[in-house]
Structures are given as structure tokens and as C-alpha cells.
Amino acid sequence: MYYVYILKSLSDGERFYVGYTNNLKLRLQEHNAGTCRHTNKYKPWQIQTYFAFDEQEKAENFEKYLKSHAGRNFQKKYL
């Protein structure tokens, strides 16, 4: 399975991060350990929501969508 996830910063509740992985638990540990330069500044993180896909391409496309302007509007409205 492939997961598209949205993280919320516990240190700055206004910060969110969107990514995808095939190991959600490990990826969250990596974000909170500071190994990802894009999220290191606002750690710790918690998972706000995630979506599971059976194909990597679908997960990648949905991640790209959530990072687009329309995707950010979707997040604000529904998540």
C-alpha cells in the first residue's frame, strides 16, 4: 500500500505538510527525528489524515493534487 498523508505541526498549529510513503509509521518517525529538512523546523508532527492507495502512481498523483492550489482549497474545506 502507498499512503498520502497530511501532517500537522504540534509546535505551530498553522503548519501542515503533505507527503507520500509506503511505510507511514516509519515516515512519521523520520519527520519527528528531524531527518527531513522540509519539516525539521516545525517538529514534532502528528498525522492529521491519510489516504491509502494500491498503486504508487495514484498516490503520487494525489500528493501532487493536494500540493496544488485546488488541493489546498480541498484541504481547507473538507479536512
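This is a predicted model: local features need pLDDT of at least 70, side-chain atom pairs count only at pLDDT 80 or more; totals for chains, interfaces and linings use all residues.

Analyst: Happy to! Residues are numbered from 1 along each chain as its sequence is written, and side-chain values use heavy atoms, without hydrogens or water.

Helix α1 spans residues 24-33, and its buried residues are L24, R27 and H31. Around the axis these three cover an arc of only 65 degrees, so they sit on the same side of α1 (the arc is taken from the directions from the helix axis to the C-beta atoms). Helices are DSSP runs of H or I with at least four residues, strands runs of E with at least two, both numbered from the N terminus.

What do the buried residues of α1 pack against? Their partners are β1 (2-9), β2 and β3 (45-53), with contact meaning heavy atoms within 4.5 Å. These strands form an open sheet in the order β2-β1-β3, paired antiparallel (a pair needs at least two DSSP bridges). The edges belong to β2 and β3, each with a single partner strand, so one side of each has no neighbour in the sheet. From one strand to the next, the twist averages 20 degrees. Between β1 and β3 there are 8 bridges, and S9 has W45 of β3 as its bridge partner.

Now to T21, which lies in strand β2 (residues 16-21). T21 is buried, at a relative accessible area of 11%. Leaving out residues up to four places away in sequence, T21 touches M1, Y2, Y3, Y5 and R27; R27 is also one of the buried residues of α1. The T21 side chain reaches the backbone nitrogen of N23 at 3.1 Å; such a polar contact pairs N or O atoms within 3.5 Å, one able to donate a hydrogen and the other to accept it, and sequence neighbours count only if both atoms are side-chain atoms.

Finally, helix α2 (residues 56-67) lies across β1, β2 and β3 and runs at about 165 degrees to β2; axes are lines fitted to C-alpha atoms, for helices over the stretch in contact, and angles run from 0 to 180 degrees between N-to-C directions. The C-alpha atoms of T21 and Q56 are separated by 8.8 Å, although these residues are 35 apart along the chain.

Technical notes
Buried means under 20% relative accessible area, exposed over 50%, partly exposed in between (1.4 Å probe, protein chains only).
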